[in-house]
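Dear colleague,

Here is the structure I said I would pass on. My notes on it follow below.

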Amino acid sequence: MDGNPFGAFREECLSILRDALGEEGVAITEGEIKLTVPPDPSHGNLSFSTHTTARRAGVEPRALADRIVERAKDAQKRLVAKVEGAGGGYVNFFINETEFAELTLNSITSMGKDYGSSKGNGEKVIVEHTSVNPIHPIHIGGARNAVIGDCLSRILKAAGNDVRRHFYIDDVGLQVAQASYGFGKIGGVAREGKSDHLIGFIYATTSCAMNIKALRAEIERLKSKGKDEDARQKIMELDDWVGAASDLRAKNEKMFDAISGSIMSTEDPEAEVAGLLRRYEERHKEAVRLIRGLSELALAGFKETLRRVDIEFDSWDWESELASWSGEADKVVERLSRTDFVKVEEGTVILDAELTAKRFNLKERYGIKTEVPPLTLKRSDGTTLYTTRDIAYTLWKFERADRVINVISIEQRLPQLQLKLALYALGEGEMAERLTHFSYELVHLPGYKMSGRRGRYVTFDDVIDEAVERAYREVSVRSPHLSEEERKGISELVGVGSVRYALIAVASNKPITFTWERVLNFEQNSAPFIQYSHARASNILLKAEGGWREGGTPDYGSLNTKYEHDLIVRLGSFPETVEEAARTLRPEMIAEYTNDMVSKFNLFYDNVPVLKTKEGGARRARLRLVEATKTVLANALWLIGIEAPARM
RNA sequence: GGGUCCGUGGCGCAGACUGGAUAGCGCGUCGGCCUUCUAAGUCGAUGGUCGAGGGUUCGAAUCCCUCCGGACCCGCCA
């Protein structure tokens, strides 16, 4: 239990409670004993509410609490200093500050970087995240995915899982074919800028041109039929696309004209795109060269961005290879076709998701109140759809892992549900149960809606650049004594850190409205706030030099201010926090914890002198505490992928 | 239209899964603290019918129902 100090204290409280209740003859189930941290520190460090138990046993809560307190007096205690009854039915447990300080600080000192981590069961977990389509740069919504996925991976690893991070490259989609089609039209126009930004421009231009062409034809058709009201509707849509197109043209006239001109003079561009996709699925050389070429360019851009924010992958999974060319997607369709959940209508293969859900009694289990829409597995031209390929990919992943977590935006809730149902239909229901769709809400921009097709988005790169620039101005004002090189280095890790923190600190199921002030906050409750404390702790240790460790034993009993006590309890709670964040898949808990711990460290810093402490044992104990704080801060920051600077 | 998620001081959030003691934090505004380890810090003041209304309970921000508001989904897109 040494690796989990507060957990050890909790266990001791539980043991005292169990014994006392047993002696009282009060029956209780294990899950019923819930210890909570009381709102007021004067009520102790953990508290038990007797109300539920007492009522069931037919006794007064206050009386039961008093009896427990009486029994607790005889109990063997190490980390528990005293047990009190209060508030008419509460049993409050107070920590033995000296014992707890010694246990906690020794644990942290001996475990170092491993403090907070646990052995776990070594379960193989695949976390698939980011997986941005190779048709535009990673925008701020994709950035949320990347940051969440990366933090989840780190936390699960710390909790003792064997984690592999996978990026799924959706190179078989209609959109990639569309972007590639436009890519084939740029001819000799000079390419400039970051590769994924270029691809984003080409995709948006292609999509605008195709939409404008299609809408114009549709409007003519409606007008000739006298459907003026419908036509007016389409004209409004057209205006929106024309607006987007004119913004794009302003960015790169030559390239825009090359793509748009070619599309406008083509009879049926949609058919051309569909043909390209079909040839790609069939692995025709020219289609592969074009689509792979474009995808590689986009990926090179992604990798550059991700490297900057310290996000790495263990595997880059090409959808074309794993699902299409391997024949696995077709096998999925065949296997499903042999069941009675699948029907063929006008050449398309369709899974009856509703029937599947009913047959396996999944409607209640998955909380489905309405009819589940059918899932098209195969188009009439023989090509597969995304979810079909995702089924094949899921089977592939389960050959390599016990558990799979897909970080995918909430927009894909339905297809992810259909994916699970399809697994049941295949007789692989057990996989469905070990598959988690970790969904997160979208990032909105105030004023307008992001749209890759229209080229309207704020890129991850832009956000990082702006953050680093602002951080540089801030560093220059606050620390003019540092060298230019140092200021640059600090602003990079502060800028990147604040973006990561802003994206991880909000619970995933809440939408985020992106504003610069919000993401680039350098005050309290932000990455710089935390990093600054790490730098302060580092600085104390730097000034103390190494000698203090050898001088004698630390006097843990001297750590008796409330500032020290609060900080130590927080440090001792880190392993429990990591465990809970991993179990409930809530990375924002780490951000919350870290912020809270830093607040407590700052109070300690402002109220308790360390280097100036006269008495040797007390000085050593305080230095130990500072060192432990630095360690836990660095460990916590690592979990959320933020660098811990020694100076700021 | 149907479904899912969200709604907590002027703004941004935590707490909800597992009900428990006067609902926490940051920003903002106003006023303090640098001859003491980095003031990106800290102290105080200000500010809340926890969207509204019912219900369950000894006890509800938390669970249930209805309604209101917002987002998302309901494609031979992903």
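**Surface and overall build**

The accessible surface of chain A comes to about 29,400 Å², and 47% of that belongs to carbon and sulfur atoms. Please keep in mind that this is a predicted model. Of the 648 residues in chain A, 53% are buried. The C-alpha trace of chain A spans about 90 × 65 × 45 Å along its principal axes.

Chain A contains 25 helices and 14 strands. Taking contacts in chain A between residues at least 6 apart in sequence, 77% join residues at least 24 apart.

On charge, chain A carries 89 positive and 98 negative side chains. The centres of these two sets lie 1 Å apart.

The domain assignment divides chain A into domain 1 (5–95), domain 2 (124–170 + 311–454), domain 3 (175–300) and domain 4 (460–639). The centres of domain 3 and domain 4, taken over C-alpha atoms, are separated by 48 Å.

Two backbone details may be worth a look. Most residues other than glycine have a negative phi. Asn-361, which is not a glycine, has a positive phi of about 55°. Asn-361 sits in the loop between helix 14 (353–359) and strand 10 (375–378), and counts as exposed because its relative accessibility is 62%.

Glu-545 also has a positive phi, near 60°. Its place is in the loop between helix 21 (527–544) and helix 22 (562–572). With a relative accessibility of 58%, Glu-545 counts as exposed, the cut-off being over 50%.

Regards

Note on methods: Residues are numbered from 1 along each chain as its sequence is written. Chains are lettered from A and ligands numbered from 1 in the order in which they are written. This is a predicted model: local features need pLDDT of at least 70, side-chain atom pairs count only at pLDDT 80 or more; totals for chains, interfaces and linings use all residues. Side-chain values use heavy atoms; hydrogens and water are left out. Helices (H or I, at least four residues) and strands (E, at least two) are DSSP runs, numbered from the N terminus. Buried means under 20% relative accessible area, exposed over 50%, partly exposed in between (1.4 Å probe, protein chains only). Contact means heavy atoms within 4.5 Å. Accessible areas come from the Shrake-Rupley method with a 1.4 Å probe; for residues, only the protein chains shown count as cover. Lys and Arg count as positive and Asp and Glu as negative; His and the chain ends are not counted. The place of a charge is taken as NZ of Lys, CZ of Arg, CG of Asp or CD of Glu. Domain bounds come from an automatic or database domain assignment.
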